[in-house]
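Subject: Structure handover

Hello,

Here is the structure I promised to pass on. Please open it first, then read my notes below.

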Amino acid sequence: EFDVLIIGGGPAGAAAAIYAARKGVKTGVVTEKFGGQVLDTLGIENFISVKETEGPKLVAALEQHVKEYDIDVMNLQRAKGLKKLDDGKVEVELENGAKLSSKTIILSTGARWREMNVPGEAEYRNKGVAYCPHCDGPLYKGKRVAVIGGGNSGVEAAIDLAGIVKEVTLFEFDTKLKADAVLQKKLYSLPNVKVILNALTTEVNGNGTKVYGLSYKDRATDETKQVELEGIFVQIGLLPNTDWLKGTLELSKHGEIVVDHKGHTSMEGVFAAGDCTTAPYKQIIIAMGEGANASLAAFDHLIRQ
Ligand code: FAD
């Protein structure tokens with residue numbers, strides 16, 4: 001039995017665990033894989049005070065920091081259910097059948113980017129295919145890039161990138177953009193942005209080491225065309241890892257766990273932090289801050305019991 005049980009061991013979960021353990025309360029972490037999305041990241045240049053690092057290196061540092069404390073890390077375990085018990089504690093059921101109970105829970109199961117699912121996408125991930133303009137935009141300074149997706153995040157990304165790169169081509173599957181009118185107006189005012197509507201992206205073209213183009217089908221004519229470029233930012237959605245919580249907690253229409261400014265969820269004693277929540281802007285430094293925030297809120301809850 002735990003005082004604070006954290007589900008998900010990415011940056012949010014690691015920060016939550018350290019903050020909890022430093023209060024001297026019994027802390028556990030259940031995670032499918034320690035490190036989360038950071039494990040899949042190549043260069044990181046926006047983790048403030050660390051000029052430059054790599055995902056696996058940052059994960060190793062996180063792991064080492066967590067190991068400094070008495071934290072029960074249950075790696076390679078997946079939670080599948082959450083239930084409030086009669087005594088006020090919360091029970092988490094794991095996929096292996098084990099049941100753990102805790103006075104408080106912090107959910108930090110993160111998210112994953114929706115992929116185009118076209119040939120070349122996986123092969124050129126981090127070699128021209130990117131998902132985060134805040135992270136990787138500066139790497140494409142002076143180059144030509146595509147943004148896939150004409151919703152708010154795609155159009156925001158295109159506007160953002162237009163200030164850094166040479167040329168942005170935005171691809172939208174539909175015959176019109178879905179982004180807010182004010183964003184569209186801004187987008188169309190930029191001289192180095194081109195918009196291609198009614199386009200189904202079909203392949204990432206590369207030379208084995210890097211991307212040189214993108215193929216798409218013009219849905220009006222069924223013709224396949226190719227655009228030459230060096231980078232592709234996929235902005236067709238971020239999927240929170242919260243399927244297992246449907247019907248248990250309040251989720252937003254995008255599946256994010258609804259939290260307040262202290263990380264409280266709709267279930268008493270259950271907190272959430274990081275990319276799986278409604279907190280805006282999905283970044284490592286933000287996830288860590290949210291993890292610390294939720295952990296302090298969980299401690300606040302414990303001392304009032
Ligand atoms: P995650 O990192 O997603 O961790 C969640 C963890 O929970 C994972 O280990 C997952 O396996 C586990 N989990 C999920 N479901 C369950 C379950 N049911 N039971 C148990 N465990 C579960 N951000 C930056 O600030 N700078 C960058 O340069 C940067 N580059 C990026 C590059 C890439 C390719 C990607 C994908 C992301 C990048 N990001 C970057 C974003 C950053 O990685 C995330 O914002 C951050 O990792 C979110 O942390 P988190 O702890 O909320 O979630």
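I start with the hairpins. Strand 14 and strand 15 form one, with four residues between them. In its turn, Gly208 has a positive phi of about 105°. Keep in mind that this is a predicted model. Strand 14 covers residues 199-206 and strand 15 covers residues 211-218; seven bridges pair them in the antiparallel sense. Within that pairing, Asn205 stands opposite Gly213 of strand 15.

Strand 16 spans residues 223-228, and its antiparallel pairing with strand 15 has six bridges.

Five strands make it up, in the order 10-17-11-12-13, and the pairing is parallel. Strand 10 (129-130) and strand 13 (193-196) stand at the edges. Each has a single partner strand, so one side of each is left without a neighbour in the sheet. Strand 12 (residues 167-171) runs parallel to strand 13, and four bridges join them. Across that pairing, Thr169 stands opposite Lys194 of strand 13.

A helix lies across this sheet. Helix 4 (residues 152-162) lies across strand 11 (144-148), strand 12, strand 13 and strand 17 (231-234). Its angle to strand 11 is about 165°.

Helix 4 also packs against helix 5 (residues 181-188). The angle is about 30°, and the axes are 10 Å apart. Angles under 35 degrees count as roughly parallel, so helix 4 is roughly parallel to helix 5. The crossing of the two helices is left-handed. On the helix 4 side, the contact uses Asn152, Val155, Glu156, Ala158 and Ile159. Helix 5 brings Leu183, Gln184, Lys186 and Leu187. By class, that contact has five nonpolar, two polar and two charged residues.

Last, the ligand. How many residues surround the ligand, and which are the closest? The shell has 37 residues, and the closest are Gly8, Gly10, Gly36, Gly110 and Gly274. Elements giving two or more residues to the shell are helix 1 (11-21), strand 2 (27-31), strand 9 (111-113) and helix 6 (284-303). By class, the shell has 16 nonpolar, 15 polar and six charged residues.

Over to you.

Best wishes

Notes. Residues are numbered from 1 along each chain as its sequence is written. This is a predicted model: local features need pLDDT of at least 70, side-chain atom pairs count only at pLDDT 80 or more; totals for chains, interfaces and linings use all residues. Two strands pair if DSSP finds at least two bridges between them. Two residues are in contact if their C-beta atoms, placed from the backbone, lie within 7 Å. Axes are lines fitted to C-alpha atoms, for helices over the stretch in contact, and angles run from 0 to 180 degrees between N-to-C directions. Angles under 35 degrees count as roughly parallel, over 145 as roughly antiparallel, 65 to 115 as roughly perpendicular and the rest as oblique. A crossing is left-handed if the near helix is turned anticlockwise from the far one by less than a right angle, and right-handed if clockwise. Ala, Val, Leu, Ile, Met, Phe, Trp, Tyr, Cys and Pro count as nonpolar, Asp, Glu, Lys and Arg as charged, and the others, Gly among them, as polar. A residue is near a molecule or strand if its C-beta atom, placed from the backbone, lies within 6 Å of it.
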